[in-house]
Amino acid sequence: MILLSVILGWAYNGTGSVLIVVVLHAMANTADILLPLAPDLIVVDGVIDEPAVGTVSIVQLAVQLLVVVALIAYYGRDTLARGAIPGADAIGDE
């Protein structure tokens with residue numbers, strides 16, 4: 001959950017668009033359902049093969065971790081943005 005939050009924060013800070021964040025979140029939720037692309041390997045004789053599901057989960061987490069490490073390495077850990085964050089100047093005006 002933390003890894004996805006960093007990715008979604010980067011997307012919002014870079015674009016200022018909630019729509020992009022919603023689409024990325026929906027894609028992550030869909031990936032949880034569709035990642036077992038080979039159901040015949042996940043379900044064996046009507047029983048879910050737990051090690052196979054674990055492998056899919058670990059691969060998904062590894063990909064997210066690599067993306068987060070790359071984002072932090074490129075953009076820095078303070079804002080995840082190279083320039084000004086869209087809408088950030090309006091926060092202090094209230």
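The model is predicted: local features need pLDDT of at least 70, side-chain atom pairs count only at pLDDT 80 or more, and totals for chains, interfaces and linings use all residues. Residues are numbered from 1 along each chain as its sequence is written, and side-chain values use heavy atoms, with hydrogens and water left out.

I start with the overall layout. The protein chain has 4 helices and 2 strands; these are DSSP runs numbered from the N terminus, with helices being H or I of at least four residues and strands E of at least two. In sequence order the pattern is α-α-α-β-β-α. Of the 94 residues, 16% count as buried. Buried means under 20% relative accessible area, exposed means over 50%, and partly exposed is in between, with a 1.4 Å probe and protein chains only.

Next, helix α1, which covers residues 2-15. Buried in α1 are Leu-4, Ile-7, Leu-8, Ala-11 and Asn-13. An α-helix has 3.6 residues a turn, so residues three or four places apart point the same way. After α1 comes Gly-16, with a positive phi near 75°.

Which residues make up the largest nonpolar core? They are Leu-4, Leu-8, Ala-11, Val-21 and Ala-28, 5 residues in all. The elements giving two or more residues to this core are α1 and α2, the latter spanning 18-34. The most comes from α1, with 3 residues. A nonpolar core is a set of buried Ala, Val, Leu, Ile, Met, Phe, Trp, Tyr and Cys residues joined through side-chain atoms within 4.5 Å.

Val-21 touches Leu-8, Ala-11 and Tyr-12, leaving aside residues up to four places away in sequence. Contact means heavy atoms within 4.5 Å.

Is Tyr-12 buried or partly exposed? Tyr-12 is partly exposed, because its relative accessible area is 33%.

Last, Gln-64, in helix α4, residues 50-75. Gln-64 counts as buried because its relative accessible area is 14%. Not counting residues up to four places away in sequence, Gln-64 touches Leu-3, Leu-4 and Ile-7.
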